[in-house]
Amino acid sequence: MLNFLIGPVVGAVIGYFTNDIAIRMLFKPHHAKYILGVHVPFTPGIIPKEKNRISGAIGKAVSENLMNREVLEKSLLSDEMIEKIGSAFDEFVATQSANEETIEQFAGHYLSEEDLSTMRRNVTDGIVKMLTDKLQDSRLGDNIAHMATEHALEKTRNSLAGRLGAEVIVQALAQPIEKVLAKHINDILKNNSGQMVKGLVKEESAKLMNMSMSSLASGHDEQVAQIKSGLLNAYRVIITEHLPRILQDIDISGIIEQRINDMDMNEAEAIILDVMKKELRAIVWFGALLGSIMGTVTSLF
């Protein structure tokens, strides 16, 4: 009986320790070893020795199979993801509906005072320039002059002077007066529209920034729905039209490869063992089982 048991026990011990040593040799030693200038075989371990090749293969595999355009589009444009974004927007609106902070106070949580002032100034200057250019390039002066002369003719026509024939005189003077009036109005707009518009925009901008978040979010269901729809459409456009360029610019393969190459082997070993601890331990015990079976077969013959 003792002779029969020795074979399986010795086989199990040999199988256990050989598999355990083989797994350890995947990671260690981290560097090549030399004895009297002679390179010790199997040093460094397989993973440290092939680290560059492994990092390149992992980076390529991830970028081509896990983080490619098709996989990301399928995930990012799935009904579940769109619903999550919509729900997050609804939750934000619901939260702000009870928020009594002003818009400026709310923005202050995310922007410094300097950034907030710069943003306000840039927005104001942009709106002022746009409106000023529109006023100066439009026929606003001509339209105002025309409406003024038409109004004067209408007043004259319905007055006692009009019934006495003054309408004919006013009608004759209307066209030259309208041209002179239009020229003066256009000059006034050209020279003063910037200042007038800037004052109005600053005043309205101040009113807007002093509005509470609750007043902005509540009572505007139609506008909120339009903003939500526009946000989701913009998200879809970004993913479908700009995702390939974004992936190309990011270079996922290169980032992963560089990150693995920069990783210390102790760190890499800890990560791999943490992920595959159960599987590697199973391999060790499987070696013991195979050794035990081989020892049993040997004992029988």
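Guide: Rings of Phe, Tyr and Trp (its six-membered ring) pair if their centres lie within 6.5 Å. In this predicted model, ring pairs link Tyr16, Phe17 and Trp285 into a cluster. The structure holds 4 aromatic pairs. Take Tyr16 with Trp285. Their ring centres are 5.0 Å apart, and the planes stand at 65 degrees, so this pair is edge-to-face. The cut-off for that class is over 60 degrees. Now place the two residues in the chain. Tyr16 sits in helix 1 (residues 2–27) and Trp285 in helix 13 (residues 265–300), so the pair ties together parts that are 269 residues apart in sequence. Is Trp285 buried or exposed? Trp285 counts as exposed, because its relative accessibility is 51% and the exposed class begins over 50%.

Step back to the whole chain. The protein chain has 13 helices and 2 strands. Of its 301 residues, 24% are buried. Take the contacts in the chain with a separation of 6 or more: 75% of them join residues 24 or more positions apart.

Next, the helix packing. Two packed helices are described by the angle between their axes and the distance between the axes. Start with helix 3 (residues 51–66) and helix 12 (residues 252–262). Their axes come within 8 Å and cross at roughly 150 degrees. Helix 3 is therefore roughly antiparallel to helix 12. The crossing of helix 3 and helix 12 is right-handed. On the helix 3 side, the contact residues are Lys51, Asn52, Ser55, Gly56, Ile58, Gly59, Lys60, Val62 and Ser63. They meet Ile252, Ser253, Ile256, Glu257, Ile260 and Asn261 of helix 12. By class, this contact of helix 3 with helix 12 has 5 nonpolar, 7 polar and 3 charged residues.

Now turn to helix 4 (residues 69–76) and helix 11 (residues 221–250). Here the axes come within 10 Å and cross at roughly 155 degrees. That angle makes helix 4 roughly antiparallel to helix 11. The crossing of helix 4 and helix 11 is right-handed. Helix 4 contributes Arg69, Leu72, Glu73 and Leu76 to the contact. Helix 11 brings Tyr235, Ile239, Thr240, Leu243, Pro244 and Leu247. The residues in this contact of helix 4 with helix 11 divide into 7 nonpolar, 1 polar and 2 charged.

Methods
Residues are numbered from 1 along each chain as its sequence is written. This is a predicted model: local features need pLDDT of at least 70, side-chain atom pairs count only at pLDDT 80 or more; totals for chains, interfaces and linings use all residues. Side-chain values use heavy atoms; hydrogens and water are left out. Rings of Phe, Tyr and Trp (its six-membered ring) pair if their centres lie within 6.5 Å; planes under 30 degrees apart count as stacked, over 60 as edge-to-face and the rest as tilted. Helices (H or I, at least four residues) and strands (E, at least two) are DSSP runs, numbered from the N terminus. Buried means under 20% relative accessible area, exposed over 50%, partly exposed in between (1.4 Å probe, protein chains only). Axes are lines fitted to C-alpha atoms, for helices over the stretch in contact, and angles run from 0 to 180 degrees between N-to-C directions. Angles under 35 degrees count as roughly parallel, over 145 as roughly antiparallel, 65 to 115 as roughly perpendicular and the rest as oblique. A crossing is left-handed if the near helix is turned anticlockwise from the far one by less than a right angle, and right-handed if clockwise. Contact means heavy atoms within 4.5 Å. Ala, Val, Leu, Ile, Met, Phe, Trp, Tyr, Cys and Pro count as nonpolar, Asp, Glu, Lys and Arg as charged, and the others, Gly among them, as polar.
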